[in-house]
Amino acid sequence: MDFLRPADWEEALAAKAEHPSAVPIAGGTDVMVEINFDHRRPEHLLDLSRIGELHEWDADGPDVRLGAAVPYARIIDHLHTELPGLALAAHTVGSPQIRNRGSVGGNLGAASPAGDSHPALLAAGAEVEAQSVRGTRLIPVEEFYTGVKRNALAPDELIRAVHIRKATGPQQFSKVGTRNAMVIAVCAFGIALHPESRTVRTGIGSAAPTPVRAGVAEEFLAAALAEAGCWDSGAPVPPSVAREFAELASGACNPIDDVRGSAAYRRRAVAVMARRTLGWVWEEYRGTQGRGTLCA
Amino acid sequence: MRVTFTVNGRPQEADDVWEGESLLYVLRERLGLPGSKNACEQGECGSCTVRLDGVPVCACLVAAGQAEGREVGTVEGLADHAARRAGGTSADRARQWRPDPADTVELAPVQRAFIDAGAVQCGFCTPGLLVAADELLEHNPDPSDADIREALSGNLCRCTGYEKILDAVRLAAARAAEGD
């Protein structure tokens, strides 16, 4: 095995071009587990931990350009206003030790359907900035996940950053597991209200081969809220609408039975999380509207 | 490969390090610092918790080469680290560190509190908990119970001695407050 230690980003791209099978390592919270357990013996480890710009972010403009290796702990501390859904999801990652090292770039590179940041990225709206010596491209996060632990990166590409829409409305995240720390999601749900476009976006984790949006549920909810005038009135979401939204979200799942939970349980849990998180974000939205007249 | 870094204030060099090796392995097997414990090797148990440039991390998940040029703090250097933080003068204590069967070694306040509160049972999780608890108190001298639980949530104690461990952190915080 070779340990490649590029001093800057250009060197890293050149190294990846020269050794397309090199495995990038930043926080190491996924890669080192695989090496420790002999599940992986890459010919080259590409250490990205020394590249300063990967640990920085830029929050000017409508997006946050989040460096691929910014640890979860810094997202929680510094970006919870701009990226509330992602900050909530980050807080459920592992433990303080893991949050000090793990990053969204690593979550995307690993592309596990159980990665905690995916539902929040899907709900907020995000693009993955992939770079190689050939150039840069922005991949919508929906198209980034291509299969279980597979993503849309070309062999010579590295994740430079993630562009995440700043929140313009309330966001929430919910995750089912056996305790509050050190838990791989049984399943997870993210939701974001986008009041300016009167749309709702969602993300489901660990309940399909890839993280997915519940597109039909999103469209149903946006139409139902518009029809009932809820965006203007700030009235509560009618219970029948919340129930239908939950059922449609559950329908977007394609889960499996595994050691962490059964497919049936995951479908049920996603429905419950969808209904609850909708309640939470809508209560917050109503609070910012400052009124509570009844929906027609 | 060779890895050169600082451990508990002292320059260290490890040779013939395998590229896939963890920082934990280097500390324990090459540098003779077995305080950090090796258990899960997947970041779940926290018994290998060390400070990397001051930040608590699982040493089993840091590739040895990533420690190049960096500062690592282990439980072996905790007493010295605490003394320096408190403005003590014995900056070289870690260099002279030796196991002391007579138990006369000066301990960090958090170590003393763990003993006094009965927070050490089999002792395997203790080094990781000490490093995590010391870092908590460094940044938050008066932590709430929720703060303590959160800060120690990455450290498992299979003796399930958590209540005493929480007592120990509260005790260390209370003593520090009295001493101020």
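Biologist: In what order do the elements of chain B run from the N terminus on?

Modeller: Keep in mind that this is a predicted model. Chain B goes β-β-α-β-β-β-α-α-α-α-α, read from the N terminus. That is six helices and five strands.

Biologist: And which domains does the assignment give for chain B?

Modeller: Domain 1 covers 3-75 and domain 2 covers 82-179.

Biologist: How many residues are in contact between those two domains?

Modeller: On the domain 1 side of chain B there are 15 residues, in contact with 13 residues of domain 2. Strand β3 of chain B, residues 49-52, gives the largest share of that domain 1 side, with three residues.

Biologist: What classes of residue does that domain 1 side have?

Modeller: Seven polar, five nonpolar and three charged.

Biologist: Switching topic: what percentage of chain B is buried?

Modeller: Of its 180 residues, 47% are buried. As for contacts in chain B with a separation of 6 or more, 62% are between residues 24 or more positions apart.

Biologist: OK, now the two chains. How many residues of chain A are in contact with chain B?

Modeller: 24 residues of chain A, and they contact 23 residues of chain B.

Biologist: Which elements of chain A give two or more residues to that side?

Modeller: β1 (2-4), α2 (31-36), β3 (44-47) and α5 (96-99) of chain A. The largest share comes from α2(A), with four residues.

Biologist: And by class?

Modeller: The chain A side has 12 nonpolar, eight polar and four charged residues.

Technical notes
Residues are numbered from 1 along each chain as its sequence is written. Chains are lettered from A and ligands numbered from 1 in the order in which they are written. This is a predicted model: local features need pLDDT of at least 70, side-chain atom pairs count only at pLDDT 80 or more; totals for chains, interfaces and linings use all residues. Domain bounds come from an automatic or database domain assignment. Two residues are in contact if their C-beta atoms, placed from the backbone, lie within 7 Å. Ala, Val, Leu, Ile, Met, Phe, Trp, Tyr, Cys and Pro count as nonpolar, Asp, Glu, Lys and Arg as charged, and the others, Gly among them, as polar. A residue is buried if 20 or more other C-beta atoms lie within 10 Å of its own, exposed if 12 or fewer, and partly exposed in between; C-beta atoms are placed from the backbone.
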